[in-house]
Amino acid sequence: MKVGIAGFPRAGKTTIFNALTGQHADVGGFTEPGKVHLGTIKVPDARIDRLSEIFQPRKTTYAEMVFVDFPAAGEGSGGSALETTTLTQMRESDALVQVVRAFPDPVTGDAANPARDLANFKSELILADLVLIERRLERLKKEKGKEQEGALLERCKAVLDAERPLRQVDFQPEEVTAMAGFGFVSRRPLMIVVNVSEDDLHAEMPSQVAESLAAEGIEGLLLSGKIEMEIAALDADDRRAFLEDLGLQAPARDRFIRAAYTLLDQISFLTSGEDEVRAWTIKRGTTAVKAAGKIHSDIERGFIRAEVMHYDDFITYGSEAKCREHGKLRLEGKEYVVHDGDIIHFRFNV
């Protein structure tokens, strides 16, 4: 799972990246042009924490995500967020996060205009996909037997011409497969992070931004990247004291990561025991037999049944035996659709 962090120059996207990953990439315009930053982070999960307390396993494994800080725009970008190198990286990402500046530009002193930056970024995504489609349609005029592809692209073009991103359209599974090779950036799930100054740490989401996000069906999060980066660099005790001084209960980082995980339509099923407590990442709607394959292909191949109890039931009743006694431990077959928080033990034979 790869989440790309994008934004206009000096929005603070590398600061946000550092806050998420704990890295120390150069910020404030000092990043080498064209440089991509990659960071793998563990997805915070209180359920894994609790199960580890109970089982005291030899190993605890959290779900993971990869964040990509796209290259900074060069001097000739004209303030664009999407240079060619950035677009290439975006097309390889599973979801996008736009960082929006909500503080005065540190170089020009220009006032923040988050609503304008949201609209401009949306327009750039749409334009990038339009250019791709128009080029392909032009080539299709010289090819035979590609009528279905042409019809699909014409439909996409009509959506984009209406200034709507492709993520707002429900495509059929076969259409999604046909479009996969194009890497349309306006189809990528999108989340917005409004990056505020320390003085606005407890502010509400700007009304224009909130209205725009609601209209587009996009989730938004307000945080101070600078503060979050400072928090990430502290040890646990200092972090606690710093949060108290700021009047915060927890860093926004954890909320951000969980929101990005949800954005990708991912869920976690859990396995637990003395050897390991682990969160396994699967797509929402995955069946039990396919979930078994995430652990090992032999378990999928020799699948017999899945013993399933939900995390909440396990915590409520206190043990697997009590869950069985109260009818909360179930035997499920191959086609059972796994739910977020299911604790599963797979029976198999190969």
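**Going through the model**

Author: Gln208 is found in helix 7, residues 207-216 (helices are DSSP runs of H or I with at least four residues, strands are runs of E with at least two, both numbered from the N terminus). Bear in mind that this is a predicted model: local features need pLDDT of at least 70, side-chain atom pairs count only at pLDDT 80 or more, and totals for chains, interfaces and linings use all residues. Residues are numbered from 1 along each chain as its sequence is written, and side-chain values use heavy atoms, with hydrogens and water left out.

Reader: Is Gln208 buried or exposed?

Author: Gln208 counts as exposed because its relative accessibility is 55%. The cut-offs are under 20% relative accessible area for buried, over 50% for exposed and partly exposed in between, with a 1.4 Å probe and protein chains only.

Reader: And how far apart are the C-alpha atoms of Gln208 and Arg116?

Author: They are separated by 9.6 Å, with the two residues 92 apart along the chain.

Reader: Switching topic: how many residues of helix 1 are buried?

Author: 9 of 9, across residues 13-21. Among them are Ile16, Phe17 and Leu20. Gly22 follows helix 1 and has a positive phi, near 75°.

Reader: What order do the strands of the open sheet take?

Author: The order is 2-4-1-5-6-7, with 6 strands and mixed pairing; two strands pair if DSSP finds at least two bridges between them. Strand 2 (37-42) and strand 7 (219-223) stand at the edges with a single partner strand each, so one side of each has no neighbour in the sheet.

Reader: In which sense do strand 6 and strand 7 pair?

Author: Parallel, over 5 bridges. Asn195 has Leu223 of strand 7 as its bridge partner.
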